[in-house]
Amino acid sequence: MITLEMMPPLMFGGMIIAMLIGYPVAFTLAAVGLSFGFLSIYLGFFDLNFLQAIPGRIFGSVLSNELLLAIPFFTFMGAILERCGLAEDMLDSMGQLFGPIRGGLGYSVIIVGFILGAITGTVAAQVIAMALISMPVMIRYGYNIRYITGVLAASGTITQLVPPSLVLIVLADQLGKSVGDMYLGAWGPSIFQILLFAGYTFALGIIKPSHVPAVPKEARTLTGWALWKKCLLGIIPSAVLIFVVLGTMMMGLATPTEAGAMGAVGAIVLAAIHHKDFSSTGHKVMIAGVIAAGIGTIVAILYSENLIFKIMFAITYLAVVWICLEAVRIPDLRDLIKQGYETTMRITCMVTFILIGSTCFSVVFLGVSGGVWLEHHLTSLPGGVWGFLIFINLFIFFLAFFLDFFEIAFIILPMIAPIAQKILAPVVGPDAALIWFGVMLCVNMQTSFLHPPFGFALFYLRGVAPKEVKSSDIYWGAMPWIGLQAIMVALVIAFPITVTALLDKPLDVDLNKVKIEVPQIDLPPLDFGQPKN
């Protein structure tokens with residue numbers, strides 16, 4: 001006879017077995033959840049009315065969740081920017097800028113990967129774009145093939161951690177924290193990760209200089225102001241878009257959905273101004289819009305919002321509309337926008353169905369006391385807080401061999417988040433506990449794209465690499481970078497301040513000393529006489 005205590009491990013094991021079959025995860029989760037739900041009704045653990053919570057959660061928490069509306073906007077933004085030519089210009093200019101030093105092409109890939117991660121948020125696009133552009137150049141100038149494959153794959157996966165990463169949005173939603181706080185927490189580890197990657201390249205240039213040679217002088221076609229101009233034309237528009245998306249959120253001027261919508265429009269504008277068929281009239285309109293935005297901002301800072309401010313930003317909005325119409329006029333960009341819509345629809349539908357399936361599973365799992373079972377096992381681990389963190393990170397690392405980050409976030413995270421809040425709150429405080437935990441898991445889940453044999457970044461790299469690049473070179477090339485990411489996970493665990501440094505400090509208020517003073521108002525005496533006609 002199956003007892004209530006046996007149901008949680010049976011459900012968990014059933015989920016793992018069903019996923020290994022290879023059927024789509026969303027439908028697998030729903031089928032496992034409903035199957036165990038009806039079995040629980042038959043065994044008398046709960047009645048049929050309990051399953052009414054499933055449609056209630058789906059329509060109340062999933063389909064009506066405004067935060068998840070940000071996902072299609074950021075997906076569309078990444079889909080446009082990955083093919084608009086921005087990556088090519090940045091990699092070419094950065095490669096020539098850093099080319100004279102050892103490992104210069106590697107530094108350029110790392111820096112461009114960081115910048116693209118802050119404006120695209122998609123691993124596949126980044127790895128493929130950078131590999132197509134940089135791999136032939138690095139091979140031509142004698143870079144070690146394993147270093148090439150490793151740095152391209154690792155720099156592509158940094159987009160998982162750099163805001164406005166889709167992973168951070170999903171983690172914020174599942175952990176019940178604000179996206180802005182999650183982004184603030186992720187900046188420290190993302191910058192440290194870039195420094196680790198650059199430090200490894202620097203060390204390799206000292207230990208094995210033949211693996212990362214400098215680019216010969218005769219191969220550098222741009223020098224002086226022409227080179228700096230090309231670098232700035234790639235970086236400045238990207239920096240503006242990063243501010244529009246991230247700056248407005250962190251300053252409280254826009255919600256994640258609003259920032260994502262501005263980012264989607266900004267991506268179309270960037271794609272248009274980078275296209276060779278962008279008209280001279282469009283350039284003039286763009287310059288007018290930039291000048292108007294600058295004047296409007298200065299007026300708002302000095303004199304607050306007034307008529308001049310409104311007129312200037314009206315001009316800016318009209319310039320944006322004009323540029324978007326230019327994008328529609330150009331056939332290449334029109335096709336690009338259509339592809340962006342298709343990619344956005346596919347990813348958004350996938351996320352929604354995974355959420356629906358995970359809701360079916362999690363409701364039944366909690367109904368059979370799965371939360372209590374999980375809490376008992378995780379809180380009884382040896383080592384206390386650090387034992388819990390080490391176990392969870394190893395567990396997530398193992399799951400990442402088989403599951404995508406969406407699946408991990410929607411299936412596993414809701415189960416362990418309440419336990420993490422309880423265990424980690426004494427270390428960093430209740431407000432920062434889940435931010436620290438979420439960023440830590442985000443750093444960990446980067447490795448899911450790198451470790452053989454199922455790392456998706458390695459698959460993308462294999463698909464676009466020349467035939468002379470062996471699969472073994474791709475796999476072995478990823479190993480040092482997996483080690484660097486593991487070091488980053490250890491640093492985030494050992495030094496929570498890498499995440500919490502930028503977060504708002506909780507107010508230390510003694511509620512017993514709070515006084516509320518209400519001023520006394522002298523009222524005229526009440527007149528209880530006869531009413532006047």
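A: Let's start with an idea we will need: a patch is made of residues with over 30% relative accessible area and no salt bridge, with like charges joined within 9 Å and nonpolar side chains (Val, Leu, Ile, Met, Phe, Trp, Tyr) within 5 Å. A salt bridge is a side-chain nitrogen of Lys or Arg within 4 Å of a carboxyl oxygen of Asp or Glu. Accessible areas come from the Shrake-Rupley method with a 1.4 Å probe, and for residues only the protein chains shown count as cover.
This is a predicted model, where local features need pLDDT of at least 70, side-chain atom pairs count only at pLDDT 80 or more, and totals for chains, interfaces and linings use all residues. Residues are numbered from 1 along each chain as its sequence is written, and side-chain values use heavy atoms, leaving out hydrogens and water.

Q: Which residues make the nonpolar surface patch?

A: Ile-21, Tyr-23, Phe-27 and Phe-353 make it, covering about 490 Å². Phe-353 belongs to helix H15 (residues 331–367); helices are DSSP runs of H or I, at least four residues, numbered from the N terminus.

Q: Is Thr-201 buried or exposed?

A: Buried means under 20% relative accessible area, exposed over 50%, and partly exposed in between (1.4 Å probe, protein chains only). Thr-201 is buried, at 0%, whereas Phe-353 is partly exposed, at 43%.

Q: What does Thr-201 touch?

A: Contact means heavy atoms within 4.5 Å. Thr-201, in helix H10 (residues 179–207), touches residues including Tyr-107, Tyr-147 and Trp-481, not counting residues up to four places away in sequence.

Q: Where is Pro-466?

A: Look in the loop between helix H20 (456–464) and helix H21 (471–494). Pro-466 is in contact with Met-135 and Ile-139, leaving aside neighbours within four places in sequence.

Terms used:
Helix = DSSP H or I, 4+ residues; strand = E, 2+ residues; numbered from the N terminus.
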